[in-house]
Amino acid sequence: MGIFMQNNLGSRIKYEREKKGLTQTTLGKLAKVSQGAISQLENGTSKDTRYLSKIAKALGVTMEYLTDGTEMIKEAMPSFDDFVIIGGDKAGQAPNQDEYVMIPQYDVAGSCGGGAMIGDVAVKGGLVFRKDWIQGIAKKDTSLATIYAQGESMSPTINDGQVLLVDVTDIVPKSSKIYLICIDSQLYIKRLINMFDKWVMRSDNPDKTTFPDIELSPERMSQIDIQGRVVWQAGIL
């Protein structure tokens, strides 16, 4: 199940419900569906969309708003006027939306260590990038999310506290690439290595006593939940 709003219908329903001060039971009564149906959609145990039109009407939003999520993400991000360009002949100006794009920043940390527990994931801001640069690393900007790294197991490649760009649509594992991985409700940032008869979750930190490889059988590999591929990290001064 995707944890990001781009691919998480349940998060969008819960966000709108709580924004309007409704309980699951109250929303169920307004939409004329059971509280259980609301709960299952929100926690991702059901993907039944039969009730979406009723739920959307009860929440005062469109079905497209719930199924796509783009407008909801934009609402949670700051204005372009809150940013200024640093350096160059446009230094001090607000970014032009024809040249720049804002990527949502999520309040979730990917652990470069023993795993970070997943709580409620929501957009808490945004970061601005040049469109032409983004087009060089992703098919579309709406497939990207920014998160923070936590821990030192991926050092020196990724350090504690660094901002990371994750392509949430790139979820098919490729050997030697770095992924945001969910296992047993914990998030890891690890390099995946294909060993033909198994996969290995590997830390880049050379201290293998503290950060050993984690072997995954083909069966176990099919059960892990890849949330996206890490495509960029911010530099350290």
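Contact here means heavy atoms within 4.5 Å. Keep that cut-off in hand for this tour of a predicted model.

**Whole chain.** Select the protein chain. Among its contacts between residues at least 6 apart in sequence, 60% join residues at least 24 apart. Along the principal axes, the C-alpha atoms fill a box of roughly 55 × 55 × 25 Å. Switch to a surface view. Buried residues account for 45% of the 237 residues.

**Helices α1 and α4.** Now select residues 9–19, helix α1, and residues 52–59, helix α4. Their axes come within 10 Å and cross at roughly 30°. Angles under 35 degrees count as roughly parallel, so α1 and α4 are roughly parallel to each other. The crossing is left-handed.

Show side chains where the two helices meet. On the α1 side, pick Leu9, Ile13, Glu16 and Arg17. On the α4 side, pick Leu52, Ile55 and Leu59. The residues of this contact divide into five nonpolar, no polar and two charged.

**Ser46.** Move to the loop between α3 (35–43) and α4, and select Ser46. Is Ser46 buried or exposed? Its relative accessibility is 17%, and buried means under 20%. Ser46 therefore counts as buried. Finish by displaying its partners. Leaving aside neighbours within four places in sequence, Ser46 is in contact with Gln40 and Leu41.

Notes:
Residues numbered from 1 in each chain as written. Predicted model: local features only at pLDDT ≥ 70, side-chain atom pairs only at ≥ 80, totals over all residues. Heavy atoms only, no water. Axes fitted to C-alpha atoms, helices over the stretch in contact; angles between N-to-C directions. Helix = DSSP H or I, 4+ residues; strand = E, 2+ residues; numbered from the N terminus. Parallel < 35°, antiparallel > 145°, perpendicular 65-115°, else oblique. Left-handed = near helix turned anticlockwise from the far one by under 90°. Nonpolar A, V, L, I, M, F, W, Y, C, P; charged D, E, K, R; others polar. Buried < 20%, exposed > 50% of the residue type's maximum accessible area, 1.4 Å probe, protein only.
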